[in-house]
Amino acid sequence: MSNYIISDAAKIIDVENHVLRNWEEELCLKIPRNDMGHRIYTDDNIIQLQTIKRLKYYGFSLKHIKLLIPYFHKINTLSTNELLSLKDNFYNAIHSKNTSNISDDNLHYDKLKSIIHYIIVDYVNTMIKSISI
């Protein structure tokens with residue numbers, strides 16, 4: 001298992017250092033630090049950051065990526081077409097739900113998480129069944 005400083009991680013991901021710092025803050029990523037407080041990126045962090053970059057490339061917002069983080073292991077198995085289809089299903093489900101009566105942000109967040117869980121689990125299960133047939 002390798003460790004990388006921020007400049008090396010940024011080169012691997014092909015983004016600027018400030019982008020990694022922004023993603024860490026906005027997405028509440030747990031990036032380890034060394035004794036001097038410098039970020040030390042692990043191989044797992046690199047995979048996570050590559051997934052974030054891929055989702056950004058296909059039009060996902062950081063707000064929605066944050067909700068998808070628990071499902072990265074499943075998302076990483078999707079092809080480009082499957083990911084685009086997931087994005088369409090994801091946004092359609094979010095925008096079709098009537099959330100105007102939800103005033104508490106935590107309730108709204110929990111509702112979005114349950115929608116995402118359903119979409120991803122259902123989508124991945126559908127893909128697995130289609131491959132098995």
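Which residues does R39 touch, not counting residues up to four places away in sequence? They are Y4, I5, I6, R21, E24, I31, P32 and R33. Touching, or contact, means heavy atoms within 4.5 Å.

A word on the model. This is a predicted model: local features need pLDDT of at least 70, side-chain atom pairs count only at pLDDT 80 or more, and totals for chains, interfaces and linings use all residues. Residues are numbered from 1 along each chain as its sequence is written, and side-chain values use heavy atoms, with hydrogens and water left out.

Back to R39. R39 sits in the loop between α2 (17-26) and β2 (41-42). Helices (H or I, at least four residues) and strands (E, at least two) are DSSP runs, numbered from the N terminus. The side chains of R39 and E24 are joined by a polar contact of 2.4 Å. That term means a pair of N or O atoms within 3.5 Å; within protein, one must be able to donate a hydrogen and the other to accept it, and residues adjacent in sequence count only if both atoms are side-chain atoms.

Next, T51. T51 lies in helix α3 (residues 43-57). T51 is buried, at 4% relative accessibility. Buried means under 20% relative accessible area, exposed over 50%, partly exposed in between (1.4 Å probe, protein chains only). Leaving aside neighbours within four places in sequence, T51 contacts F72, I75 and N76.

Last, the tyrosines. Y57 is exposed, at 66% relative accessible area. Y58 counts as buried, at 18% relative accessibility.
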